[in-house]
Amino acid sequence: MLTEPFKIKVVEPIRSISREERIQAIREAGFNVFRLPADKVFIDLLTDSGTSAMSQAQWAGLMLGDESYAGSQNFFHLQSVVREIFGFKHVIPTHQGRVAEHLLFSTVVTAGKVVPNNIHFDTTRANVEHVGGRALDCAIREAFDPDADHPFKGNMDLAKLERVIHEHGREAIPLVMMTVTNNSGGGQPVSLANIRETRQLLDRHGIPLFLDACRFAENCFFIKEREPGYRDRSVRDIVREMFSLAHGCTMSAKKDGLVNIGGFLCVNDDALADQIKNLLILVEGFPTYGGLAGRDLEAMAIGLTEVLDEDYLRFRTAQVRNLWEMLDQAGIPLVRPAGGHAVYLNARRFLPHIPQPQFPAQALAAALYIEGGIRAVEIGSLMFGRMENGRPVYPDLELVRLAIPRRVYTTQHMRYVADSIIDLWRRRDQVRGLRLTYEAPVLRHFTARLEEVEPSVMAR
Ligand SMILES: Cc1ncc(COP(=O)(O)O)c(C=O)c1O
């Protein structure tokens, strides 16, 4: 029985919106859910980042904010919590994850350098490329196949990594990253055995290993559930073992820090920490606040402790799996298996009548909004399609991600989401493709405007 391990003390009303209002809103938004006002959304599954509900302890912690410019008590609290959980020496706060990435890569990456990862998240890739480096994806073959079932689909392909090291040379690789869980590959976990083997391989070449730690607790809970030998170990213990294999980490606390804003960077190396802190002062602020208020540091310290509660993690992963199972039982095409934070619809199979130039995943995201006021995000041709030598190039996958905010929605909300998707599946032939009427030169999916290629029955 899936039961929330919390009760509700404060409520945020959500409004159910009529179908007519939804049709008008999505038209005004140019069939782009990023352009919808949030109060026109009933269930918001756009992202799990920065959307968590804070606990009573975190809200109480905000009142303990010490807003001193230097040496805030909340920094020392955060530092001691992070040191205890992750085991790193230097804890450098940032206002979110991508700043930690920017500080790290602009310190160690120069033009021509190569940074392998299982699969880079967009911001890690962009921050590597921004300083002239190359971001390479080296996850196992199964990570790129939506139908492949594998307990640790986020694992690194060690043979591929070894080939990359030989091809580019050790000097060209300042560090290797591993993303836990692997967001761009469907929120799939990485096994401890794989991290250990990656570290052994890198030790032979003298290359440091960093973890992109955003969803570390969800990943470690999967290790406890799935990896032989870990069932009787606490998640806290598994986390400690995992991070003992790394030289540092970047963290967006907007995920497993259970806060609405915050992040940090950890390293053991003193000289590297000094370089990063000097840059931090230039772009974020003093090293004891890193672009955050003291109260934000306090909420983050408390959230990092709460996220390790195994009742919470059991519910969290079961809630995502439960939505996945309701959809799978109805025959909806999905990325297999369920991830730690999201369920992914396979839009090419959902809408086989819509060709890729007509953005099937975007059409599905817009139709899902019309169907149930549910906001999800396209990960397909709108996000990744591009022109090469005057010809359009399309990605292999057309996905719609349903990311589930932490501690926000109930089991009944998830039932509603599943029912809406199942209703839409029954009438899928009524969904029409889209064409662009406006696109920005970079990251077009955020601001694009589209229209239906022909008047659809859905939006009538
Ligand atoms: C795996 C991963 N790394 C890095 C980031 C960037 O974090 P932020 O949004 O806090 O900058 C994200 C955010 O979604 C992520 O999922």
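1. C138 is buried, at a relative accessible area of 1%. Buried means under 20% relative accessible area and exposed over 50%, with partly exposed in between (1.4 Å probe, protein chains only). The model is predicted: local features need pLDDT of at least 70, side-chain atom pairs count only at pLDDT 80 or more, and totals for chains, interfaces and linings use all residues. Residues are numbered from 1 along each chain as its sequence is written, and side-chain values use heavy atoms, leaving out hydrogens and water.

2. Disulfides: a pair counts when two cysteine sulfur atoms lie within 2.5 Å. The count by this rule is zero. C138 is in none; the nearest cysteine sulfur, in C214, is 19 Å away. C220 is buried too, with a relative accessible area of 0%. The closest cysteine sulfur to that of C220 belongs to C249, and at 12 Å it is too far for a bond.

3. Helix α14 (residues 360-372) and helix α16 (residues 411-426) have axes that come within 10 Å and cross at roughly 115°. The pair is therefore roughly perpendicular. Helices are DSSP runs (H or I, at least four residues) and strands are E runs of at least two, numbered from the N terminus. Axes are lines fitted to C-alpha atoms, for helices over the stretch in contact; angles run from 0 to 180 degrees between N-to-C directions. Under 35 degrees counts as roughly parallel, over 145 as roughly antiparallel, 65 to 115 as roughly perpendicular, and the rest as oblique.

4. In that pair, L364, A367, L368, E371 and G372 of α14 meet Y416, S420, I421, D423 and L424 of α16. Contact means heavy atoms within 4.5 Å.

5. Helix α4 (residues 97-108) and helix α5 (residues 122-130) have axes within 9 Å, crossing at roughly 30°. These two are therefore roughly parallel. On the α4 side, R98, E101, H102 and F105 make the contact; on the α5 side, T123, T124, N127, V128 and H130 do.

6. Two cis peptide bonds deserve a look. V180 to T181 is cis, with omega near -20°. T181 sits in the loop between β5 (176-179) and α7 (192-205). R336 to P337 is also cis, with omega near -20°. P337 is in the loop between α12 (310-329) and β9 (342-346).

7. Positive phi: F31 is near 55° and is not a glycine. F31 is buried, with a relative accessible area of 5%. N389, also not a glycine, has phi of about 50°. N389 is exposed, at 81%, in the loop between β12 (386-388) and β13 (391-393).
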